[in-house]
Every structure is written in structure tokens, then in C-alpha cells.
Amino acid sequence: ILCYLFNHLRNRGVKINHIDQFSCGLILIGISLLLLPLGIFFSNPGELIGFQWVIASFVLLGIAELLVAPTGFALIGQLIPKQSQGMMMGCWMMLISIGATISGYLSKMLLINYNLS
């Protein structure tokens, strides 16, 4: 859907560069992280947050991931000299996997510390 939207905008003369795409992804991440506290604020005291807030947050995070990840690869391809591109793309993927691993450890620690399991 994003490819169709970007192609449609480009055909109409709207220029979308990597910086705009990356910035939009970061803004969507911020908005998605604000949705859950907003859902808590608007829920009744003692009740659980509505599931639509969680779904909206995950949808925005997914769209942000689709905007940020390919932009990183494209920028590596444009900014890094050819002899170092393979190593830099490997580093990009390694850093993404390290972030996912750390978030997994942190979520397990929260489950154990707050007896949520």
C-alpha cells in the first residue's frame, strides 16, 4: 500500500526523499508510543485499556518500520563507498538484531520483576 501511495504521489509531482521518509517514520514511532498512554487516560478507572488503542499503536509502528528500514539501506547504498557497503549493511542488520534482543531481555525482566507471567 505504501509503494502504491508513494508511486501515486511521485506521479503527481510530489518529491519524497530519504530524509522525509525517515523523519515521517520517526514521527509515527513517537505518535504510536503516545497512543497507549492516551488510551490509559481515556479509559475508565479500574478498567483495561481498549484493544483498539493497542491495534492502532502496532499499526503505526509497523508503518514506521516500513518507512525507516528501507531508508537506512538506501542511505547506506548512497553514502558509503562501494568497498564498505557490504560491511555497513551487515552492521545495520546486526544493530537491528541487537536492539530486538535487548528489548526481549527487558520484557522478560519486566515479566519476572512484576510477576506478570
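The largest pocket is lined by Ile29, Leu61, Ala64, Glu65, Val68, Ala69, Trp92, Ile96, Gly99 and Ala100. Two helices, α3 (51-79) and α4 (85-113), each give two or more residues to that lining. The model is predicted.

**The largest pocket**

- The space in the largest pocket comes to about 270 Å³.
- Which helix gives the most to the lining of the largest pocket? α3 does, with five residues.
- Sorted by class, the lining holds eight nonpolar residues, one polar residue and one charged residue.
- Ile29 is one of the lining residues, and Ile29 is found in helix α2.

**The second largest pocket**

- About 190 Å³ of space lies in the second largest pocket.
- How many residues line the second largest pocket? There are 13, and Leu2, Cys3, Phe6, Gln21 and Leu66 lie nearest the centre of the pocket.
- Three helices, α1 (2-11), α2 (18-42) and α3, each supply at least two residues of this lining.
- By class, the lining has eight nonpolar, four polar and one charged residues.

**The largest nonpolar core**

- Six residues make up the largest nonpolar core: Phe6, Leu28, Leu35, Leu60, Ala64 and Leu67.
- The elements that give two or more residues to this core are α2 and α3.
- α3 gives the most to this core, with three residues.
- In soluble globular proteins, nonpolar side chains tend to be buried together.
- Phe6 belongs to the core and is also among the residues nearest the centre of the second largest pocket.
- Ala64 belongs to the core and also lines the largest pocket.
- Which residues does Phe6 contact, leaving aside neighbours within four places in sequence? Phe6 is in contact with Ile16, Gln21 and Leu67.

- Gln21 lies in helix α2.
- Is Gln21 buried or exposed? Gln21 has a relative accessible area of 12%, which is under 20%, so Gln21 counts as buried.
- Not counting residues up to four places away in sequence, Gln21 touches Phe6, Leu66, Leu67 and Thr71.

- Ile29 counts as partly exposed, because 29% relative accessibility falls between the 20% and 50% cut-offs.
- Beyond its neighbours within four places in sequence, Ile29 is in contact with Leu61 and Ala64.
- Both of those partners, Leu61 and Ala64, also line the largest pocket.
- Ile29 and Ile102 are 73 residues apart in sequence, with their C-alpha atoms 18 Å apart in space.
- Ser32 lies in helix α2.
- Ser32 is buried, because its relative accessible area is 0%, under the 20% cut-off.
- What does the side chain of Ser32 reach at 2.8 Å? The backbone oxygen of Ile29 is the atom reached.
- Leaving aside neighbours within four places in sequence, Ser32 is in contact with Ser57, Leu60 and Leu61.

- Ile27 lies in helix α2.
- Ile27 has a relative accessible area of 53%, over the 50% cut-off, so Ile27 counts as exposed.
- Ile27 and Ala64 are 37 residues apart in sequence and 8.1 Å apart in space, C-alpha to C-alpha.
- Gly62 is found in helix α3.
- Gly62 counts as partly exposed, because 32% relative accessibility lies between 20% and 50%.
- Gly62 and Leu28 are 34 residues apart along the chain, and 9.3 Å separates their C-alpha atoms.

**Pro81, in a loop**

- Where does Pro81 lie? Pro81 lies in the loop between α3 and α4.
- Pro81 has 43% relative accessibility, between 20% and 50%, so Pro81 counts as partly exposed.
- Pro81 and Ser43 are 38 residues apart in sequence and 52 Å apart in space, C-alpha to C-alpha.

Notes. Residues are numbered from 1 along each chain as its sequence is written. This is a predicted model: local features need pLDDT of at least 70, side-chain atom pairs count only at pLDDT 80 or more; totals for chains, interfaces and linings use all residues. Side-chain values use heavy atoms; hydrogens and water are left out. On a 1 Å grid over the protein atoms alone, a cavity is a set of points where a 1.4 Å probe fits but cannot get out, and a pocket is an open set with protein on both sides within 12 Å along at least five of seven lines; lining residues have an atom within 4 Å of a point. Grid points are joined across faces, edges and corners, and a volume is the space filled by probe spheres set on the points. Helices (H or I, at least four residues) and strands (E, at least two) are DSSP runs, numbered from the N terminus. Ala, Val, Leu, Ile, Met, Phe, Trp, Tyr, Cys and Pro count as nonpolar, Asp, Glu, Lys and Arg as charged, and the others, Gly among them, as polar. Buried means under 20% relative accessible area, exposed over 50%, partly exposed in between (1.4 Å probe, protein chains only). Contact means heavy atoms within 4.5 Å. A nonpolar core is a set of buried Ala, Val, Leu, Ile, Met, Phe, Trp, Tyr and Cys residues joined through side-chain atoms within 4.5 Å. A polar contact is a pair of N or O atoms within 3.5 Å; within protein, one must be able to donate a hydrogen and the other to accept it, and residues adjacent in sequence count only if both atoms are side-chain atoms.
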